[in-house]
Amino acid sequence: MRSLKLAGLSFLMALLCSCTLFAGTQRVFSLAETPAQTAKASLLLHNAIGNQIAVFVENPATSDASKESLQRLYRRTVCSEAEVNVPMRTEECGEGPAYRADAAIAGFEAVQNAQTEAELTDAMDDLVPLLVDLASLLNGG
Amino acid sequence: MKPWIRISLGVLTGYWIRDGKTEQAALLTDALAAQDAGRDVDDLMEAAAVKWEAQGEPTLEEIVAARKAIQARVGG
């Protein structure tokens with residue numbers, strides 16, 4: 001039974017991930033010309049997948065096992081490790097990977113929009129730690 | 001997925017439910033729904049592409065606001 005559950009969930013995620021090959025998704029990423037825009041395109045895809053997860057969760061026909069797995073999966077994308085481990089509602093999370101990506105995008109845009117050397121220095125000072133943090137996150141840190 | 005395959009899987013689901021194998025039936029139903037989900041996600045991305053072309057790139061505020069709404073719906 002456990003292997004059947006895993007097979008069903010793997011199939012589910014594979015189908016969701018396959019959407020990166022679809023025309024609409026490709027079109028969004030083709031519009032991105034800067035690193036910040038590419039990151040925004042990724043966040044748009046994250047929102048689209050999150051929306052579909054919400055549709056599944058809201059559907060009374062979805063099995064409880066799949067519902068809980070999808071909720072846990074989505075939670076890890078918006079909640080930090082600290083937030084995941086406390087009794088905090090997913091709705092209240094604001095420090096997870098998606099939010100760290102927001103901060104990096106804001107940092108990139110601040111660099112792009114800097115008008116003076118002082119603004120550029122400040123923007124870079126804010127951006128570098130975010131990039132280090134993201135690199136660490138990607139490496140499983 | 002070809003219609004005859006989907007219909008066959010639907011029939012199989014029905015047999016499983018009849019035989020009390022509700023967990024297997026539920027997982028298969030979820031997997032079939034996931035296929036539609038992949039297309040639905042791409043429809044959302046297509047809409048985002050249309051909006052981007054018409055109005056320019058989305059702002060971070062818009063993206064985060066949409067995410068907050070999704071977080072509330074997903075729950076947990």
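**Exercise 1.** How many helices and how many strands does the secondary structure of chain A come to?

*Solution.* Keep in mind that this is a predicted model. Counting in chain A gives 7 helices and 0 strands. Reading from the N terminus on, the order is therefore α-α-α-α-α-α-α. Next, look at burial: of the 141 residues in chain A, 38% are buried.

**Exercise 2.** Find which residues touch the most other members of the largest nonpolar core, and which elements supply it.

*Solution.* Start with the core itself, which has 30 residues; Val28(A), Leu43(A), Leu44(A) and Val78(A) touch the most other members. Then trace the suppliers: at least two residues each come from α3 (35-58), α4 (64-78) and α6 (97-113) of chain A, and from α2 (22-55) and α3 (60-74) of chain B. The most is given by α3(A), with 10 residues. Finally, zoom in on Leu44(A): setting aside residues up to four places away in sequence, Leu44(A) touches Val28(A) as well as Met45(B), Ala48(B), Trp52(B), Pro58(B) and Ile63(B).

**Exercise 3.** Is Glu119(A) buried, partly exposed or exposed?

*Solution.* First locate Glu119(A): it sits in helix α7 (residues 117-138) of chain A. Its relative accessible area is 38%. Buried needs under 20% and exposed needs over 50%, so Glu119(A) is partly exposed. Now check the surroundings. Beyond neighbours within four places in sequence, Glu119(A) is in contact with Asn113(A) and Ala114(A). A polar atom of the Glu119(A) side chain also lies 2.7 Å from the backbone nitrogen of Gln115(A).

Notes. Residues numbered from 1 in each chain as written. Chains lettered and ligands numbered in written order. Predicted model: local features only at pLDDT ≥ 70, side-chain atom pairs only at ≥ 80, totals over all residues. Heavy atoms only, no water. Core = buried A, V, L, I, M, F, W, Y, C linked by side-chain atoms within 4.5 Å. Buried < 20%, exposed > 50% of the residue type's maximum accessible area, 1.4 Å probe, protein only. Helix = DSSP H or I, 4+ residues; strand = E, 2+ residues; numbered from the N terminus. Contact = heavy atoms within 4.5 Å. Polar contact = N/O pair within 3.5 Å; in protein donor to acceptor, adjacent residues only side chain to side chain.
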